[in-house]
Amino acid sequence: MADLSHKAAKRASRVRWMLLAPALFILVIAASGPLLITLVYSFLTAGDYGGVEWGFSADAWFNVFMQRDIFDDTLSLSDAHLSIFWRSVKLSLITTLVCIFFGFPTAYFIATRRKEHRDLWMLLIMIPFWTNLVIRTFAIVELIRNEGTVNTILMSLGMIDEPLQILYTEFSIALGMVYVYLPLMVLPLYASMERLDFSLVEAGYDLYATRMKVLRRVIFPLVKPGVIAGSILVFVPSLGAYVTPRVMGGGNHLMIGNLIELQFGQGRNWPLGAALSITLLAIVMVALMAYVRAVGNEEVKHG
Amino acid sequence: MAKNKGFNIRRQTGFTTIALVCFGMLYLPIVLLVTYSFNSGTSIAIWEGFSWRWYQSAWANEQVQEATVRSLVLAFWASLTATTCAVLAALATTRTRKFKGQSAVFAMINQPLMVPEIVTAVALLILFAMIKVATGYSGLLYLVVAHSAFCIPFAYLPIRARLQGMDLSLEQAAADLYATPFQVFRRVTLPQLWPGILAGAMLAFVISLDDVVITEFVKSAGQDTLPTYMLGQLRRVITPEVNAISTVLVAISVTMVVAFTLLSKIKN
């Protein structure tokens, strides 16, 4: 009998792995496998015309943060790379905060509509999210470029004499990322606000709290997991953004994504590109672990 | 204070205003984009009158035709592959006890959601460059495999959600009546699961159709899809032709998201 159930369990396990095999096969070829190869590439020597030569070298990792002076061979921190890393982190944080500023009231607004209407409002959030990233970026470029709608209107009204340079600045990159990633903030915020128990809010008012106090001391703590989830969903793609800074930064305001691409294009330094992308991945993993820890703590607290 | 008549506990000062500004901000650029696709002039900021000319010129543009067909073929094969894999994987991982290697399997399935696209794109570039040199093959298969991989989690999630919400007793009843496991799947599980499968397939289709970063790095020369073609166009002088192509794609997205919402509402 024990033997029989053991056999059944063994059979179930075999069936399970057979069912998983196709998915895992594709994921190994086109997701986890390539990542491991990237890690290996970051320790190889750069080939003269792109690609690599098969010899160990730590140059790529060295060049991520340091540079060697071509005249006197002294070492210094790589200002160019550090400023790109700093810009990426800075713009991603700004994007996340602005998304919270707009996303929080929007999710709250939707969550407090009549039940029948909520899905319709959420649909309005989902439609831009399902619309092609290039199209959305292009739409906002049209709005703010020198010959674009905003400048044309302002000039025809006589408010300005020459077009405002909005496009190709750090501001326009942040604006573009807010526009593109805002739905990712609203989705999890709405999910946690929809379950908000308003009797707690009422209790707050009964105890003479002001609206601001209720917001800060009752509502915000209850939907904090949603805020954290939304922040991660916005911060992570912002940090790795490639299309938005390429189209809206005009080549002068690179972010990590563009720096990585450069190594595979004009830079022809594949190992450095590999090392940079592993670095980006490491930063993202740290952010995700901080998220898991923060959500874990919340769950313990509210038990 | 709270007992005052007309005091709405749900109201927060300024929230409605910000929310409406937010919706306006989300839609204004898209509305303008769609509007200027009907412009009879060559400008995308000065309105000169209504015409279909940019739709006609986009329709007649051979590069656009090729890119459209390529995008659709790619999205079809990628969503088919990803959905098939996702159904099997969901059957294997839902409604079972915790098994050895479970967290590793989940980590692998969700990897495309967590790893930044640019990192995956570069990793695929490296691997596929090696394979291209070794085999000499440079067809569409690379893109199909790459797209299938990042579509798997998107197809997997709705299917798994559907499977978790399903009643086990029907399947047990069928098994008690001596149905083979395959018959149970074919006659009992599948008919209940199909809205989830369709939702997953549509999500995968749209995700594949929208992808630009991974495609940009993996594609061989002359393998532009619509998004990468448009990305290339943005560097040049833009005519409303790009708006016309965008409008069609926006219309497809709207249709898909509405259908997806309706599908996920079908009760068990």
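Good morning. I begin with the contact between the two chains, which takes 69 residues from chain B and 73 residues from chain A. Please keep in mind throughout that this is a predicted model.

On the side of chain B that touches chain A, at least two residues come from each of the helices α1 (15-36), α3 (62-93), α4 (102-114), α5 (117-135), α6 (141-164), α8 (181-210), α10 (226-233) and α11 (240-263) of chain B. The most is given by α1(B), with eleven residues. Sorted by class, this side of chain B holds 55 nonpolar, eleven polar and three charged residues.

I turn now to a pair of helices within chain B. Two packed helices are described by the angle between their axes and the distance between the axes. For α3(B) and α6(B), the angle is about 45° and the axes are 6 Å apart. The two helices are therefore oblique to each other, and their crossing is right-handed. Which residues meet here? From α3(B) they include B:L74, B:W77, B:A78, B:C85 and B:V87, and from α6(B) they include B:L143, B:H147, B:C151, B:Y156 and B:R160. By class, the contact of α3(B) with α6(B) comprises 17 nonpolar, five polar and one charged residues.

Next, chain A. Its division is into domain 1 (1-30) and domain 2 (76-302), and the C-alpha centres of these two domains of chain A lie 41 Å apart. A residue to look at in this chain is A:L36, which lies in helix α1 (residues 2-41) of chain A. Is A:L36 buried or exposed? A:L36 is exposed, because 12 other C-beta atoms lie within 10 Å and a residue with 12 or fewer counts as exposed. Between the C-alpha atoms of A:L36 and A:L182, which are 146 residues apart along the chain, the separation is 32 Å.

Finally, some backbone geometry. Most residues other than glycine have a negative phi. In chain A, A:Y208 has a positive phi, near 65°. A:Y208 sits in the loop between α8 (198-206) and α9 (211-239) of chain A, and counts as exposed with 9 C-beta neighbours inside 10 Å. Where does B:Y178 lie? B:Y178 is found in the loop between α7 (168-176) and α8 of chain B. With 7 C-beta neighbours inside 10 Å, B:Y178 counts as exposed.

Thank you for your attention.

Notes:
Residues are numbered from 1 along each chain as its sequence is written. Chains are lettered from A and ligands numbered from 1 in the order in which they are written. This is a predicted model: local features need pLDDT of at least 70, side-chain atom pairs count only at pLDDT 80 or more; totals for chains, interfaces and linings use all residues. Two residues are in contact if their C-beta atoms, placed from the backbone, lie within 7 Å. Helices (H or I, at least four residues) and strands (E, at least two) are DSSP runs, numbered from the N terminus. Ala, Val, Leu, Ile, Met, Phe, Trp, Tyr, Cys and Pro count as nonpolar, Asp, Glu, Lys and Arg as charged, and the others, Gly among them, as polar. Axes are lines fitted to C-alpha atoms, for helices over the stretch in contact, and angles run from 0 to 180 degrees between N-to-C directions. Angles under 35 degrees count as roughly parallel, over 145 as roughly antiparallel, 65 to 115 as roughly perpendicular and the rest as oblique. A crossing is left-handed if the near helix is turned anticlockwise from the far one by less than a right angle, and right-handed if clockwise. A residue is buried if 20 or more other C-beta atoms lie within 10 Å of its own, exposed if 12 or fewer, and partly exposed in between; C-beta atoms are placed from the backbone. Domain bounds come from an automatic or database domain assignment.
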